Amino acid sequence: MDTALKSDVDATDLTFKVDGMTCASCVSRVEKALKKVPGVSEASVNLATEKAQVKATGASVEALIAAVQKAGYEATVAAGSTVGQETERTLPAWWPVAASALLSLPLAAPMLGLLFGRDWMLPGWIQLVLATPVQFWLGARFYSAGWKAVVAGSGNMDLLVAVGTSAAYGLSVYLFLAHGEHGMTHLYFESSAVVITLVLLGKWLEARAKYQTVSAIRALESLRSSVAIVRRDGAENELPVADVRVGDIVIVRPGGHVPVDGRVIEGRSHLDESLLTGESLPVAKTVGDRVTGGAVNADGLLIVEATAVGGATMLSHIIKLVEDAQAAKAPIQRLVDRVSAVFVPVVLLISVVTFLAWGLLTGDWQQALLNAVAVQVIACPCALGLATPTSIMAGTGVAAKYGILIKDAGALETAHAVTAVAFDKTGTLTEGKPAVAAIEGAAQSERRVLELAAAVQQYSDHPLARAVEAEASRRGIALLPVSNAKALPGRGVQADVDGVTVFLGNRRLMREMGLPATGMDDRAGAHENAGRTVSWLAVKTANGIELAGLLAFGDTLKASAKEAVSRLAQMGIASIMLTGDNRGSAKAVASAAGIADFRAEVLPADKASIVAELKRGGLKVAMVGDGINDAPALAAADVGIAMSTGTDVAMHTAGITLMRGDPALVADAIDISKRTYSKIRQNLGWAFIYNIVGIPLAAFGYLNPVIAGAAMAFSSVSVVSNALLLRGWKPKQALGE
């Protein structure tokens, strides 16, 4: 084992690949084993991904692996973003199913002959020869896994299959030896062999279906470049992507993948970012634009300066988010966990009761054994274990394909019940690219107002700051040096410029400083009524604080904003707009977007309070934002939805990230959540009803082991196949509606 794995792990998250799990009972046993390790605070195991996520403080990796092994399974530390490769590598071969079917077919054929009055029954010794390799060679996996469960003091699907088929096989051997080849009663070799064949077929189909659920990750993984053309010391060399460093100059040729995140410093082209953002049309890129690793360069040559490499790239971040979401356990799964913890022991007890009841009441101990076997075979907990995770894997995968990244299963499950969406304004409903529309001077000239504003804002990434900088550059105004610059959250900024303290912010800041806006109120009001954002500039001199002037900014409503609000209304979801902007600008934007309820001039903390107030009113609230100031509200909401065009803080806080700054994706995110949750309920309903109906039927003798085996295989496959129907989902815009 790697020496790095021998050290204790302090307060960290670990992911393990767990081999050998077959049903929900296995999941429950692995979780219990991990939680018993000292230092483990949380353990979550996913049957569909065969992954265990562990939060531990001071617990060694060896101790965690040993706990899994003691429970009867194998565990290894999961290696990075390789879900697609792992799934492909562990996909079972088809030949055991084919071999089992070929050996079982002659045993099952006589049953068909009886329907036509034909006696095709094979001699007993031939049946024994055909059934034995199926039972002990091709079915060896059930004995191995079942025995491990017994040693661990628990049970699983494999134990049920092993005990049930062994009983049918053992009864057949006894009858064969007791009665010889002539005049004997019917043998039941076909029951044990066909059941094993059907279970193997079901597990193979199930594995194939699970393989398809991670297609989204495999598609994203395919975007990774293995090499990059890097210009160093005037020479261009092809290097492994792992050797590229931040600041390197990377050459991206037409038709090639962008190997790293970066900024275009030379060239012009169009990039296909469809797998990253869901945007179907190529995006134009020129000098100064940012590019994302994994995008495909369509036509021109691009020279890119690397700004993020390796695990820090957006592609790696996307893959990690999708993997984490698919490995996470939804809250609804807790019900399944409680049931699966006692499922197998209860089934074995029902099987014993069935055997004794039939034998004692009818005296037909052969039929009693067959009915007991049917109970064990049909009571497969596979469907229970797969119902939730396969739906989540399929839902999060198809959502990622269209630019909706769902961080965790909790967000996916909660979003379906959202009844109100609170939107931030700037950058969420509007383009977030405001421009200076007007400059009004009071105590200072118009040029001086712009000069001071540009100086104060020069270190800020706020959209208004960039607009001021752009306007100053357009007018040829050089940026003055500043000192003691600091942000005033929800109000503005201040800094020392040319020996005076300069304040730039909203009307709230001016009021807090006790500065009347006499003489400029009318002009500011006119700008606000026109939907513009107004920033006030004040300077502190020896005579006190005086108003220097104001700047008015114009922003454009996003083309899909009104459609997004309309679609939410059609879904019965109310829209609210929260903004720190003035009431006039807020009213203009809200009116254009079709939002009746809006709150203006709110601080970041106020946004969180408003969200909490809406929740207390009985609403299930989703908050949509893109800035640092939206983070408290995103965290306070039932579901936080962040625009990837905004800040990293917003994306880390939110449960869902929209890879395009398109508000229409909000309705799409809620829609895929509704559809996924519906699939989860359908699958769990099917799994529970299947067992509630199937076990009594088997116990009362209405199902023989062969039919029970077929029903069991159908149950698991149908659950996974139903989840896979989500892969056909498309956003409303993609459907052309």
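Guide: Six aromatic pairs turn up when the whole structure is searched; rings of Phe, Tyr and Trp (its six-membered ring) pair if their centres lie within 6.5 Å, with planes under 30 degrees apart counted as stacked, over 60 as edge-to-face and the rest as tilted. This is a predicted model, in which local features need pLDDT of at least 70 and side-chain atom pairs count only at pLDDT 80 or more, while totals for chains, interfaces and linings use all residues. Residues are numbered from 1 along each chain as its sequence is written, and side-chain values use heavy atoms, with hydrogens and water left out.

Visitor: Which kind of aromatic pair do Phe136 and Tyr169 form: stacked, tilted or edge-to-face?

Guide: The ring centres of Phe136 and Tyr169 are 5.1 Å apart. Phe136 is in helix α5 (residues 124-138) and Tyr169 in helix α7 (residues 157-179), 33 residues apart; helices (H or I, at least four residues) and strands (E, at least two) are DSSP runs, numbered from the N terminus. The planes make 90°, and the pair is edge-to-face.

Visitor: How are α13 and α25 oriented to each other?

Guide: Helix α13 (residues 365-378) and helix α25 (residues 664-699) have axes that come within 8 Å and cross at roughly 165°. Axes are lines fitted to C-alpha atoms, for helices over the stretch in contact, and angles run from 0 to 180 degrees between N-to-C directions. Angles under 35 degrees count as roughly parallel, over 145 as roughly antiparallel, 65 to 115 as roughly perpendicular and the rest as oblique. α13 and α25 are therefore roughly antiparallel.

Visitor: How many nonpolar, polar and charged residues are in the contact of α13 with α25?

Guide: Contact (heavy atoms within 4.5 Å) involves Asn371, Ala374, Val375 and Ile378 of α13, and Tyr690, Asn691, Gly694, Ile695, Ala698 and Ala699 of α25. Ala, Val, Leu, Ile, Met, Phe, Trp, Tyr, Cys and Pro count as nonpolar, Asp, Glu, Lys and Arg as charged, and the others, Gly among them, as polar. The division is seven nonpolar, three polar and no charged.

Visitor: How are α16 and α17 oriented to each other?

Guide: Helix α16 (residues 446-457) packs with helix α17 (residues 463-474) at about 130°, the axes being 9 Å apart. That angle is why α16 and α17 are oblique.

Visitor: Which residue in the turn of the β7 and β8 hairpin has a positive phi?

Guide: Strand β7 (residues 227-232) pairs with strand β8 (residues 235-240) in the antiparallel sense over six bridges, and Val227 stands opposite Pro240. Two residues lie between the strands of the hairpin, and the positive phi, about 55°, belongs to Asp233.

Visitor: Why is one side of β8 and of β13 left without a neighbour in the sheet?

Guide: The sheet is open and antiparallel, with six strands in the order β8-β7-β9-β15-β10-β13. β8 and β13 (290-291) stand at its edges, so each has a single partner strand.

Terms used
Two strands pair if DSSP finds at least two bridges between them.
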